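Let us take a walk through this structure together, one stop at a time. Have the sequence and the 3D view open as you read.

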Amino acid sequence: MVTQGNIGEEWPGRRRTAGPVRAAGRRRRVPGAARIRTRELPVFSRMIAAMLEAGIPLVEALGALEEQTTSKAFRAVLGGVRSRIESGEDFSTALAEYPDVFDNLYIHMMRAGEAGGMLAETAARLSRYLESAARLRRRVRAAMIYPIVVMILALGIATAMLIWLVPVFGDIYSDFGAQLPGATRVLVAASDFLRRYFLGVAVALAILVVAFFRLKRTEAGGYAWDRFVLRMPLVGELAAKICLGRLSSTFAQLMHGGVPILEALGIVAYAAGNRVYGRIILEARKTVEAGDPLSQELARHRVFPRMLVHMLVAGEKTGRMDEMLQKVAEFYEDEVEVALAGLTSIIEPLLMIFLGIVVGSIVVGMFLPIFRFADILAI
């Protein structure tokens with residue numbers, strides 16, 4: 001059993017809020033931290049890199065960015081970081097006071113950049129990494145919005161028809177006193193049940209949704225869900241490619257920045273975004289600590305493709321693991337693009353079929369007695 005508490009050993013899906021990289025002191029809560037990470041942090045990294053390359057002192061650069069930022073919360077963060085640096089702390093130590101904004105990857109990279117005198121280069125690499133991750137996140141989100149909207153629309157239309165439209169037809173048909181077709185009887189019964197117990201059904205669904213998300217946040221429930229996602233048709237392959245690209249890119253950045261491999265693996269386990277990959281990475285870290293190659297452990301698991309393992313072997317032999325991992329990350333970034341395009345082209349007709357089945361079955365059930373109207377009147 002892998003325990004939590006060490007760096008990188010909190011499962012993906014829950015943001016790390018503590019760890020050895022944090023400076024001593026009270027943890028700084030930052031409102032709107034998620035928005036800052038996705039929108040403000042890439043721009044900040046690019047700007048701080050440009051200013052440092054231009055020879056502007058770090059404190060002065062932070063002060064300028066603090067004045068320019070439009071986010072009040074991020075302005076407060078930059079002010080706090082600048083104050084701590086002025087009081088004698090290192091840049092990475094000051095950043096570690098705000099783990100809601102600066103995760104372990106960011107802090108370790110900055111710490112390695114400080115130690116190697118390459119803070120500007122490190123910030124530039126981080127900006128490219130964050131911007132690439134943000135682009136991928138936007139593309140995946142855009143691809144997922146359409147099917148979600150269509151499904152919600154279909155269920156909303158079906159619910160509205162069952163509550164308001166079906167009872168009208170049910171009253172009309174009941175006046176004839178004839179035996180209705182089976183599909184129509186089921187439809188009328190479902191309508192009566194939904195109208196009578198609508199509030200109870202809504203509460204039950206809300207409880208199920210809350211219970212699902214609570215269960216998903218637990219270690220066992222989250223692991224089971226992540227494993228289920230990887231096994232889903234169509235979606236599973238895309239999810240695997242996204243995870244592989246993310247962990248390869250993150251690992252490449254950390255190795256290039258000079259972060260020790262054991263610490264890097266702990267961060268990569270979290271950054272993978274999937275507990276299945278995270279658990280394997282943490283187990284692999286134990287074998288690396290014992291002196292075995294990383295590729296040897298990853299080769300035992302089918303979720304890691306042979307291509308990735310072979311690239312790792314080549315990197316371990318040549319001492320250029322960061323370059324090999326970056327090539328893998330670029331490969332999977334292209335693969336995700338192709339997979340998203342293919343998934344979108346497949347999902348669109350499937351959603352139309354789903355919408356037609358949901359709405360069409362209700363319409364057919366309502367109008368089916370009309371086709372037997374002559375028989376009903378004759379009774």
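A residue is called buried when its relative accessible area is under 20%, exposed when it is over 50%, and partly exposed in between, using a 1.4 Å probe and protein chains only. What you see is a predicted model, in which local features need pLDDT of at least 70 and side-chain atom pairs count only at pLDDT 80 or more, while totals for chains, interfaces and linings use all residues. Residues are numbered from 1 along each chain as its sequence is written, and side-chain values use heavy atoms, with hydrogens and water left out.

Start with the whole chain. Helices (DSSP runs of H or I, at least four residues) and strands (runs of E, at least two) are numbered from the N terminus. The protein chain has 16 helices and zero strands. Of its 379 residues, 44% are buried. Contact here means heavy atoms within 4.5 Å. Among contacts between residues at least 6 apart in sequence, 66% join residues at least 24 apart. Accessible areas come from the Shrake-Rupley method with a 1.4 Å probe, and for residues only the protein chains shown count as cover. The accessible surface of the protein chain is about 19900 Å², and carbon and sulfur atoms hold 62% of that.

Now find helix H9, which runs over residues 219-231. Its 13 residues reach 19 Å from the first C-alpha to the last, close to the expected 18 Å; the expected span is 1.5 Å times one less than the number of residues. Gly221 is buried, as are Gly222, Asp226, Val229 and Leu230. What do the buried residues of H9 pack against? Their partners are helix H8 (198-217), helix H10 (235-256) and helix H12 (275-289).

H9 also takes part in a surface feature. Val209, Phe212, Phe213, Trp225 and Phe228 make a nonpolar surface patch of about 460 Å². H8 and H9 are the elements that give two or more residues to this patch, and H8 gives the most, with three. Patches are made of residues with over 30% relative accessible area and no salt bridge; like charges are joined within 9 Å, and nonpolar side chains (Val, Leu, Ile, Met, Phe, Trp, Tyr) within 5 Å. Trp225 sits in helix H9, and its relative accessibility of 31% makes it partly exposed.

Next, turn to charged side chains. Side chains of opposite charge can pair when their charged atoms come close. A salt bridge is counted when a side-chain nitrogen of Lys or Arg is within 4 Å of a carboxyl oxygen of Asp or Glu. By this rule there are 14 salt bridges. One of them joins Glu131 and Arg46, at 2.1 Å from N to O. Because Glu131 lies in helix H6 (residues 119-174) and Arg46 in helix H1 (residues 33-53), this pair ties together parts that are 85 residues apart in sequence. Arg46 is partly exposed at 39% relative accessibility. Leaving aside neighbours within four places in sequence, Arg46 is in contact with Ser127 and Glu131. Arg46 and Ala123 are 77 residues apart in sequence, and their C-alpha atoms are 6.7 Å apart in space.

A second salt bridge to look at joins Arg82 and Glu86 at 3.5 Å, N to O. The two are four residues apart in helix H3 (residues 72-86), so about one helical turn separates them. Salt bridges with shared partners join Glu66, Arg82 and Glu86 into one network.

Is Glu40 buried or exposed? Glu40 is buried, at 13% relative accessible area, and its side chain meets that of Arg35 in a salt bridge of 3.4 Å, N to O. Glu40 is also touched by Ser71, as is Ile36, not counting residues up to four places away from Ser71 in sequence. Ser71 belongs to the loop between helix H2 (58-68) and H3, and is buried at 11%.

Our last stop is Leu65, in helix H2. Leu65 is buried, at 6% relative accessibility. Beyond its neighbours within four places in sequence, Leu65 is in contact with Phe44, Met47, Ile48, Met51 and Leu78.
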